[in-house]
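Hi,

Here is the structure I promised to pass on to you. Please open it beside this email and follow along as you read.

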Amino acid sequence: MKYVPDATGDRHFADDLTVDRDDVDGLLSELDEYAVEQALQISENTGDDVEITALTIGPENAKDALRKALSMGADKAVHVEDDDLHGTDAIGTSLVLAKAIEKAGYDLVVSGMASTDGTMGVVPALVAERLGVPQVTLLSEVSVEDGTVKGRRDGDTATEYLEAQLPAIVSVTDQSGEARYPSFKGIMAAKKKPVISWDLSDLDIDAKEIGLEQAHTSVESAAQRPARATGTVVKDEGEGGKQLAEFLASQKFI
Amino acid sequence: MSQDFDLYRPSEEHNMLRDAIRSLAEAKIAPYAAAIDEEARFPQEALDALVANDLHAVHVPEEYGGAGADALATVIVIEEVARVCVSSSLIPAVNKLGSLPVILSGSEELKKKYMTPLAQGEGMFSYCLSEPDAGSDAAGMKTKAVRDGEDWILDGVKRWITNAGVSDYYTVMAVTDPTKRSKGISAFVVEKSDEGVSFGAPEKKLGIKGSPTREVYLDNVRIPADRMIGKEGTGFATAMQTLDHTRITIAAQALGVAQGALDYAKGYVQERKQFGKPIADFQGIQFMLADMAMKISAARALTYQAAAASERGDKDLTFQGAAAKCFASDVAMEVTTDAVQLLGGYGYTRDYPVERMMRDAKITQIYEGTNQVQRIVMARNLP
């Protein structure tokens, strides 16, 4: 799960064109709340011997995201934090996650469909490749039975029913079921749950493999989106269709 | 500077609770607030959402299946619900008011019997002290309870009873010895299903229209003696002791509605343009917002301080509770009135929420003791 800048806050870039995380409050990515919820439901439906570990990579404040997951009902949390992680891209992130998941031990990894800030949606697939386990992504329904994870993926033209042997990775969509709110009891209980901190050396990762320098893309410049201009009104006086098409063509929409 | 200096701020858990209840309130309670007011109907959506998330009566101790929230956590829950809908905030607030006499003075059996269903969301609690001719002078009540073998028979009329008809359980104060005035009053738990219990028509109110306020008629209601809360003659003391704690929940409502009004007005003044710029650019507007925020901040400090005193049972709780209730509710009235002013003509219409907030704020200056009574209480208990 990912700790993301609050989208309602005033977000800025730092000098190296990464998001200035000190400048804005963060929170657990809303799309990852669905992953926590599905993990909790799988646990509730499967039995007592399930342990849910919330895992995130991020700065010190990212612990807030873990605490949220713990207060919702996760059993323990792992926080990977290291100054050398700064600027790591999705591919580097998948390496760190894969190592941390292996170290923590797992049967099933549940993730959100994408982060609410980067919105790439590729990390679950990348991690599955690195771990060499099946990936069943973008599920709107998920369940586990006898060592098999089953799910439903709703596409534009078809609904697919998928299954895979554990261990496996799934990602769940915002259609998978509303995430619960932490209860007072859950919040108080979260205080007593363990949060384990690992750095890169704990995961046997060389700092040269990750970080801003190793990112496969680099940001050359960043600028604020220009203020929205007044819209163009097309009034139909016989030529409306043509005018509309011309406008769309001029904007390269058609 | 030290980030670890933990005075004068709620704990991390309290802040997490606020985040949780705020998201819940904005998603599940706020969307219905206008309709609940307009239709003067019970906020069932809010009750369902609060029960589903175990937030309808957070004060109930864990040994009775409750969340075991401290007084500050309870204040935060009520504050955040009131921020979007004061009517709905009466659910956790009155559940505490109605049940606190049992928690403070009731027998273990009584606590088990009634706190458990309250915690489970199976029944709400109301508090029956006032009568048509006994408001500020509560000890002048006429409802009487007469012993008859193993039972008590209650007879009288209680007025201004919040959530009457919806609640399953009622804490009722009644005269058991008319010669002793306040020391001749006892407290009982009456159930909605007891024979002889009925309710008047809902009052037509200025605000908190979603919270039903009705008379409760007790027509020779026969209840077993073990429904008495505490000893005979201690009912008035229990009732007053309860108010010491629950006046702080009224402060919480006041704080919430004031914050809700400020938050709305703060957004509006940035959108609304006059003379070619947002009205937030005018210093006259800025001064109003600054005053509103300043008053809310002071009210919050006083309220949280009182909540901490309530949790610890500080000696000066009576003063603290009255001061918080009185100050926060006066602030709520001022801030919501200013919010209407900031929205101008729009604020005066029901298309915007601030006029509702202004109407809802008024009750916090009146119930659980008028602010004039609060000043009497404070003066008698000066620190």
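First, some ground rules. This is a predicted model, in which local features need pLDDT of at least 70, side-chain atom pairs count only at pLDDT 80 or more, and totals for chains, interfaces and linings use all residues. Residues are numbered from 1 along each chain as its sequence is written, while chains are lettered from A and ligands numbered from 1 in the order in which they are written.

**Domains of chain B**

Chain B is split into domain 1 (12-120), domain 2 (125-234) and domain 3 (237-380); such bounds come from an automatic or database domain assignment. Taken over C-alpha atoms, the centres of domain 1 and domain 3 of chain B are 20 Å apart. Each side of their contact is made of 25 residues, where two residues are in contact if their C-beta atoms, placed from the backbone, lie within 7 Å.

On the domain 1 side, the elements giving two or more residues are α1 (12-39), α3 (71-84) and α4 (86-105) of chain B. Helices here are DSSP runs (H or I, at least four residues), numbered from the N terminus. The most comes from α3(B), with 11 residues. By class, that side of domain 1 of chain B has 15 nonpolar, 3 polar and 7 charged residues. Nonpolar means Ala, Val, Leu, Ile, Met, Phe, Trp, Tyr, Cys and Pro, charged means Asp, Glu, Lys and Arg, and the others, Gly among them, are polar.

**A closer look at α3(B)**

Is α3(B) mostly covered or uncovered? It is mostly covered, as 14 of its 14 residues are buried (20 or more other C-beta atoms within 10 Å of a residue's own, with C-beta atoms placed from the backbone).

Two packed helices are described by the angle between their axes and the distance between the axes. The axes of α3(B) and α6 (residues 235-271) of chain B come within 7 Å and cross at roughly 35°; axes are lines fitted to C-alpha atoms, for helices over the stretch in contact, with angles from 0 to 180 degrees between N-to-C directions. Residues that meet there include B:Ile78 and B:Val81 in α3(B), and B:Ile248 and B:Leu255 in α6(B). This contact has 10 nonpolar, 7 polar and 3 charged residues.

**Between the chains**

Finally, 10 residues of chain A touch 12 residues of chain B. On the chain A side, α5(A) gives the largest share, 4 residues.

Happy exploring!

Conventions: A residue is buried if 20 or more other C-beta atoms lie within 10 Å of its own, exposed if 12 or fewer, and partly exposed in between; C-beta atoms are placed from the backbone.
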